[in-house]
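Hi,

Here is the structure I promised to pass on. Have a look at it first, and then read on for what turned up.

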Amino acid sequence: MQAYGSILCIVPSFKNNLYVLNSVLNGIILCDLNGKIIDVNKSFCNSVLYKSEELIGQNITLLMPINTHSILKAHIKKIKKNKIFRYTVQNIRKDGSLCEMQLDETLITLPNGVKGILSAAKDISEHRIMKEELSESENRFRSLFDHLGDAVFVTKLGGKNKGRILEANASASR
């Protein structure tokens with residue numbers, strides 16, 4: 001399964017172990033220095049809801065909100081200078097919904113001597129949503145705690161300094 005310039009050519013053992021590439025939990029994308037997608041793995045396809053055949057040959061801007069297209073050249077320039085460039089982006093899925101991805105990108109040399117960009121993409125959309133929901137829940141608790149008419153103390157339950165008051169609401173100080 002020799003695919004010219006594909007991920008399968010980067011690490012020779014992948015030629016015989018395609019299942020390894022497709023069992024990686026993070027998405028993997030290989031692009032040329034103009035942003036043209038050379039190859040992707042199944043995890044990436046699952047995150048953006050495209051089939052690999054629909055992505056290969058397309059420019060990565062297909063997945064980028066229009067207002068971010070202008071930063072592509074700057075990102076590629078940074079990748080060329082640094083060993084690994086990590087950042088977070090929003091991608092557009094095939095169905096039009098947005099997903100947030102953390103990308104770790106690095107410049108590589110393909111077997112044919114051409115430079116390319118190898119990206120490991122982790123879909124952090126659910127993590128971000130859970131973080132926002134936790135923050136909202138903490139804010140509701142904090143508001144209830146602070147405005148409760150009764151005195152409320154939070155104490156340490158065990159270990160060193162057991163029973164020590166860690167926090168008290170405004171009513172506790174009256």
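Before the details, one term: strands are DSSP runs of at least two residues marked E, numbered from the N terminus, and two of them pair if DSSP finds at least two bridges between them. With that in hand, look at Ile92, whose bridge partner in E4 is Leu98. E3 and E4 run antiparallel, with 9 bridges joining them. Please keep in mind that this is a predicted model.

Now the wider picture. The protein has 7 helices and 7 strands. Reading from the N terminus, the order is α-α-α-β-β-α-α-α-β-β-β-α-β-β.

Next, the inside. The chain has 174 residues, and 31% of them count as buried. The largest nonpolar core holds 23 residues, and the ones touching the most other members are Ile29, Phe44, Val48, Leu55, Ile60 and Met101. Two or more core residues come from each of strands E1 (27–32), E2 (37–40), E3 (84–92), E4 (98–109) and E5 (115–123), and also from helices H4 (42–48) and H6 (72–81).

Setting aside neighbours within four places in sequence, Met101 is in contact with Phe44, Ser47 and Val48, with Tyr87, Thr88, Val89 and Asn91, and with Ala121, Lys122, Asp123 and Ile124.

There is also 1 aromatic pair in the structure. Phe85 and Tyr87 make it up: their ring centres are 4.6 Å apart and their planes sit at 35 degrees, so the pair counts as tilted. Both Phe85 and Tyr87 are buried.

Two overall figures to finish. Among contacts between residues at least 6 apart in sequence, 35% join residues at least 24 apart. As for the surface, the protein exposes about 11300 Å², and carbon and sulfur atoms supply 55% of that.

Cheers

Definitions and conventions
Residues numbered from 1 in each chain as written. Predicted model: local features only at pLDDT ≥ 70, side-chain atom pairs only at ≥ 80, totals over all residues. Heavy atoms only, no water. Helix = DSSP H or I, 4+ residues; strand = E, 2+ residues; numbered from the N terminus. Buried < 20%, exposed > 50% of the residue type's maximum accessible area, 1.4 Å probe, protein only. Contact = heavy atoms within 4.5 Å. Areas by Shrake-Rupley, 256 points an atom, 1.4 Å probe, with all protein chains shown as cover. Core = buried A, V, L, I, M, F, W, Y, C linked by side-chain atoms within 4.5 Å. Phe/Tyr/Trp six-rings, centres within 6.5 Å; stacked < 30°, edge-to-face > 60°.
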